[in-house]
Amino acid sequence: MKLREHISIAKRAVKMVFSQSKAFAVCTMLNAFLAAIMPYVPIWFSAELIDALFAKAPVETLIFYVMLTVGTVFLLQLLKTYVSHQKDISSSVIYRMEDWQYAEKAMKMAYESIESRDVQLLRNRIRMETQTGYNRFYLHMCMEYAVRYTTEIVCSLALTVSFFTNQTIPLYMKLGLLALLTLTIVCNIVLTAKQKKEDGNFFEDNVVMMNTVGEKYSQYIGDYSAGMDIRLYQMTEDIVESQSRLNREHTKKSLLLYKKMTALSIPQVFLNHALQYMTYLVLIVGAIAGGISVGSIAKYVSCIMMMLTSISKLVTMFQISIVNDGYLKRYFSYFDIPNKMYQGSLTVEKRDDNEYYVEFRDVSFKYPNSDVWALRHVNLKFKIGEKLAVVGMNGSGKTTFIKLLCRLYDPTEGEILLNGVNIKKYDYDEYMSVFSVVFQDYRLFAFTLGQNVAANTDYDEERVKHCLHQAGFKERLETLPNGTETYLFKNYDKNGIEFSGGETQKIALARALYKDAPFIILDEPTAALDPVSEYEVYSNFNRISGEKTAIYISHRLASCRFCDKIAVFDHGEIIQSGSHDTLVDDKKGKYYELWRAQAQYYTEQTV
Ligand code: ADP
């Protein structure tokens with residue numbers, strides 16, 4: 001990374017902290033400044049006090065010095081406690097802001113990016129690095145320490161200027177001391193750099209392993225939803241053993257790192273001590289020559305050693321910030337992922353007559369990073385009020401067809417039109433307002449039943465109930481003491497309910513109905529339902545969907561018979577389309593083959 005890039009990353013990072021919480025940024029730096037100047041107050045006053053004692057100054061002067069020292073330190077300490085407290089309060093804002101920023105970014109990202117394995121890995125990695133201290137913690141630390149050590153160096157220099165300009169110390173001694181000081185600093189820089197490199201290599205080497213321990217094992221063990229499978233398949237011993245093995249490996253590598261670190265710190269310790277002895281020696285020479293007062297000796301020794309420590313810490317901090325820039329760059333790269341989807345601005349015509357029609361015009365699609373066509377040359381037209389069934393074997397492209405219709409992805413080739421206009425040209429939110437969808441892998445949230453159905457914190461209770469009744473949830477609703485205020489799951493309420501797969505599917509269906517959009521799309525809406533509920537849903541489907549255009553995806557053909565039109569998907573292509581009666585007459589067609597295969601399970605009677 002070039003210096004210019006480091007500077008721009010550091011600038012952006014500091015700007016980000018200020019934008020997240022000005023109070024935190026200011027308090028961090030003020031706290032560091034106060035922490036830096038505090039030790040210099042007693043050092044300076046003590047030197048003055050000792051010199052006053054030796055000069056046999058009056059008692060009032062001595063008391064004055066003592067009072068001034070104690071008073072100043074007390075005031076500074078008070079101020080520091082206040083600032084530090086404010087910093088702690090505002091730091092929680094930063095943590096919350098960051099969580100929110102991740103959520104906000106995920107919401108604004110194209111679906112294609114969210115689903116991408118690379119993006120998921122990037123996000124997991126950044127999160128893990130944050131937990132290990134990289135990016136955020138080191139950034140805050142560097143901001144704090146930059147102020148602290150720079151202030152310490154300035155204070156040390158200010159209090160030792162008179163030492164370096166003192167005429168009674170021979171020049172060769174001053175030069176010798178300066179040379180040793182320089183050597184110590186250079187040695188600290190080089191060895192600390194090596195230590196940081198070892199540390200960084202250790203982290204890089206272990207990133208996969210730590211990820212495995214942290215996510216694969218700990219997360220599963222802690223997650224109650226995995227508990228059943230873990231017990232059933234007696235995985236506990238295996239997981240514990242695998243985790244212990246990884247932990248043992250990790251400890252072994254940590255010990256090796258510790259040895260290397262210790263070896264690298266020995267020359268630093270040696271030189272630091274040599275410098276301390278040399279400083280004393282030079283000062284004693286100066287004191288014997290009568291050019292240095294007794295009070296100043298302690299002051300100079302303390303300041304020179306503190307300056308040395310501050311310089312080496314500032315350098316270390318600089319090195320950390322250089323390393324951390326790489327992590328910050330990765331952190332920012334997540335937030336910089338562009339939303340490549342073309343965002344149109346057209347509003348969707350609000351038609352009272354609900355005269356909407358959709359057309360797939362020679363649409364082909366490949367998933368990102370895939371060479372296989374998930375859809376190929378799909379041509380289909382359907383208009384409002386029509387009930388379209390999309391059938392086909394697993395993997396034939398049915399869900400992909402819906403994802404494209406909902407603009408979660410854009411077609412690789414061809415176009416999709418709503419009322420003759422390419423759907424890309426519509427404002428995305430406007431376009432989505434036309435669809436109610438229940439995906440196969442729908443998600444319900446740990447909110448109340450009413451909020452789940454309305455997909456909103458505020459809801460119209462009567463409407464929620466009506467939709468739940470339509471979705472076949474009436475009897476179950478009547479058994480709930482808290483009705484629509486019942487919490488789903490136990491995350492936020494210990495009385496929350498874990499509904500069965502079939503029940504949650506009905507709630508998801510009610511949510512789609514509540515949205516009351518002109519198009520209703522149900523992707524395998526009955527997959528988790530028992531045969532009776534399944535029968536209820538599809539036999540009432542016409543009534544439920546009313547005047548709306550409905551797209552009904554299923555591989556159970558019996559549940560699609562009531563649709564006006566059926567499109568048969570196979571390997572991403574529409575190989576047949578028409579009504580059930582015409583399709584079933586084509587004895588050589590795929591539909592007839594599928595129908596025959598399933599007929600033994602779904603007899604005319606059950607249908
Ligand atoms: P269906 O809904 O008919 O079961 P899908 O539309 O889910 O089929 O899948 C169609 C094809 O696209 C399958 O070959 C499937 O493996 C592939 N596919 C589905 N989702 C993805 C994805 N996110 N990335 C890559 N390929 C996918």
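At roughly what angle do the axes of helix H4 and helix H11 cross? I shall begin with that question and then turn to the ligand. Please keep in mind that this is a predicted model.

Helix H4 covers residues 59-108, and helix H11 covers residues 294-335. Their axes come within 10 Å and cross at roughly 45°. Angles under 35 degrees would count as roughly parallel, and 65 to 115 as roughly perpendicular; H4 and H11 are therefore oblique to each other. On the H4 side, the contact is made by Glu98, Gln101, Tyr102, Lys105 and Ala106. H11 contributes Tyr331, Tyr334 and Phe335. By class, the residues of this contact comprise five nonpolar, one polar and two charged.

I now move to the ligand. Which residues are around it? They are Glu115, Tyr367, Ala374, Met393, Asn394, Gly395, Ser396, Gly397, Lys398, Thr399 and Thr400. Divided by class, this shell has three nonpolar, six polar and two charged residues. Helix H12, residues 398-405, gives the most to the shell, with three residues.

In the side chain of threonine 399, an N or O atom is 2.7 Å from an oxygen atom of the ligand. For glycine 397, it is a backbone N or O atom that lies 3.1 Å from a ligand oxygen. Glutamate 115 places a side-chain N or O atom 3.3 Å from a nitrogen atom of the ligand. As for burial, the ligand taken alone exposes 560 Å², and the protein buries 62% of that.

To close, H4 and H11 cross at roughly 45°, and H12 is the element that gives the most to the shell around the ligand. Thank you.

Definitions and conventions
Residues numbered from 1 in each chain as written. Predicted model: local features only at pLDDT ≥ 70, side-chain atom pairs only at ≥ 80, totals over all residues. Heavy atoms only, no water. Near = heavy atom within 4 Å. Polar contact = N/O pair within 3.5 Å; in protein donor to acceptor, adjacent residues only side chain to side chain. Areas by Shrake-Rupley, 256 points an atom, 1.4 Å probe, with all protein chains shown as cover. Helix = DSSP H or I, 4+ residues; strand = E, 2+ residues; numbered from the N terminus. Nonpolar A, V, L, I, M, F, W, Y, C, P; charged D, E, K, R; others polar. Axes fitted to C-alpha atoms, helices over the stretch in contact; angles between N-to-C directions. Parallel < 35°, antiparallel > 145°, perpendicular 65-115°, else oblique. Contact = heavy atoms within 4.5 Å.
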